[in-house]
Amino acid sequence: MSRLAAMLRCCLAGGCLAAAMAHADIGFRNFEDPDAVKWAEGEYSLPAYPDEGNLAEFYVSALATNRFFIDKASLSVGKDGVVRYVLVVKTSGGATNVTFEGIRCGYREYRLYAAGRADRTWAPSRTDQWRPIENKPVNRHHAALDRELFCPLGVAIFNAEEGLEALRLGRNPRAPER
C-alpha cells in the first residue's frame, strides 16, 4: 500500500507541476490579457485653486477627526476613465491640506498630481506613481471616494454631474449599502 501511495503522490505532484507550468506559459501569472489594449493616462491640467464656497463635505467614518471636502468645480472624468478632483482636508488642529488627485476606479488606485501651497498655487507631485487605495478604519477618505461616491462597484461615474449628485446625497445610488 505504501508503494501505491508513493506512486500516487508522485503522479499528483507531477500533474500539479505540469499545470503550473502551463499557466505560466500562457500568461495567467499576471492575470492580464496579453491582447488587451494597454491603458495610457490621458492629458490633464491643474485646476484653479479651490474657493471655500465650492467645497462639498463628504463623510469618511465615525473615527475620522478631520473634515474632508471636494472642490465641486474641479471634479471631472477623463477620457482615460480617471476621476480627478481637488481634495481639501481640514484637520482638527486647524491645518488645511489641499491636493489635486485622481482615482483609477477599476484598479482601486489613486494618484497625487499636485499639492496646494499657502500662496494658493500648485506644487507638482514628485512622483507619478499610482498607489493602492486601502480601506482602513482611520483616514479612509480615498476608500470613501472610491467605493461610496465616485467608483460604485469599481466603475467610474459617468460624468461630473453624477459625482456632484453623489456628494449631495452622501453616497452614489449605484454603491452597495454600507
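A nonpolar core is a set of buried Ala, Val, Leu, Ile, Met, Phe, Trp, Tyr and Cys residues joined through side-chain atoms within 4.5 Å, where buried means under 20% relative accessible area, exposed means over 50%, and partly exposed covers what lies in between (1.4 Å probe, protein chains only). This structure is a predicted model, in which local features need pLDDT of at least 70, side-chain atom pairs count only at pLDDT 80 or more, and totals for chains, interfaces and linings use all residues. Residues are numbered from 1 along each chain as its sequence is written, and side-chain values use heavy atoms, with hydrogens and water left out.

**Confidence**

- The protein chain has an average pLDDT of 86, with 81% of the residues scoring at least 70; pLDDT is the predictor's confidence in each residue, from 0 to 100.
- Over residues 15-29 the pLDDT stays under 50, and for this stretch the model has four contacts beyond four places in sequence, a contact meaning heavy atoms within 4.5 Å.
- Where pLDDT is low, the predicted coordinates should not be read in detail.

**Overall layout**

- The protein chain has three helices and eight strands, which follow one another from the N terminus in the order α-β-β-β-β-β-β-β-β-α-α; helices (H or I, at least four residues) and strands (E, at least two) are DSSP runs, numbered from the N terminus.
- Of the 178 residues in the protein chain, 36% are buried.
- Among the contacts in the protein chain with a separation of 6 or more, 42% are between residues 24 or more positions apart.

**Nonpolar cores**

- The largest nonpolar core has 25 residues, of which Phe 58, Ile 70, Val 83, Tyr 85, Ile 103, Leu 145 and Phe 150 touch the most other members.
- Two or more residues of this core come from each of β1 (55-58), β2 (67-71), β4 (82-90), α2 (141-150) and α3 (160-169), and the largest share, five residues, belongs to α2.
- Leaving aside residues up to four places away in sequence, Tyr 85 touches a set of residues that includes Ile 70, Leu 75, Phe 100, Ile 103, Leu 145 and Phe 150, and also Ser 74, Glu 101 and His 142.
- A second, separate core of twelve residues has Phe 69, Val 86, Val 98 and Trp 122 among its members.
- In soluble globular proteins, nonpolar side chains tend to be buried together.

**Strand pairing around β2**

- Strands β1 and β2 run antiparallel and are joined by four bridges, with Asp 71 in β2 as the bridge partner of Leu 55; two strands count as paired if DSSP finds at least two bridges between them.
- β2 also pairs with β4, again in the antiparallel sense and over four bridges, and here Phe 69 stands opposite Val 88 in β4.
- β2 is mostly covered, since four of its five residues are buried.

**Salt bridges**

- A search of the whole structure finds twelve salt bridges, each being a side-chain nitrogen of Lys or Arg within 4 Å of a carboxyl oxygen of Asp or Glu.
- Arg 111 and Glu 41 meet through their side chains in a salt bridge (2.6 Å, N to O); because Arg 111 lies in strand β6 (residues 109-116) and Glu 41 in the loop between α1 (2-25) and β1, the pair ties together parts that are 70 residues apart in sequence.
- Within that pair, Arg 111 counts as buried at 9% relative accessibility, whereas Glu 41 counts as partly exposed at 25%.
- Arg 120 and Asp 51 form another salt bridge (3.2 Å, N to O), which links distant parts of the chain, with Arg 120 in the loop between β6 and β7 (122-124) and Asp 51 in the loop between α1 and β1, 69 residues apart.
- Arg 120 counts as partly exposed at 45% relative accessibility, and Asp 51 counts as partly exposed at 45%.
- In a further salt bridge, between Glu 148 and Arg 140 (2.9 Å, N to O), Glu 148 is buried with a relative accessible area of 11%, and Arg 140 counts as buried at 10%.

**Disulfide**

- The structure holds one disulfide, a term used for a pair of cysteine sulfur atoms within 2.5 Å, and this disulfide joins Cys 105 to Cys 151 (S to S 1.9 Å).
- Cys 105 lies in the loop between β5 (96-104) and β6, and Cys 151 in the loop between α2 and α3, so the pair ties together parts that are 46 residues apart in sequence.
- The torsion about the S-S bond of Cys 105 and Cys 151 is about -50°, and the disulfide is therefore left-handed.
- Cys 105 and Cys 151 are both buried.
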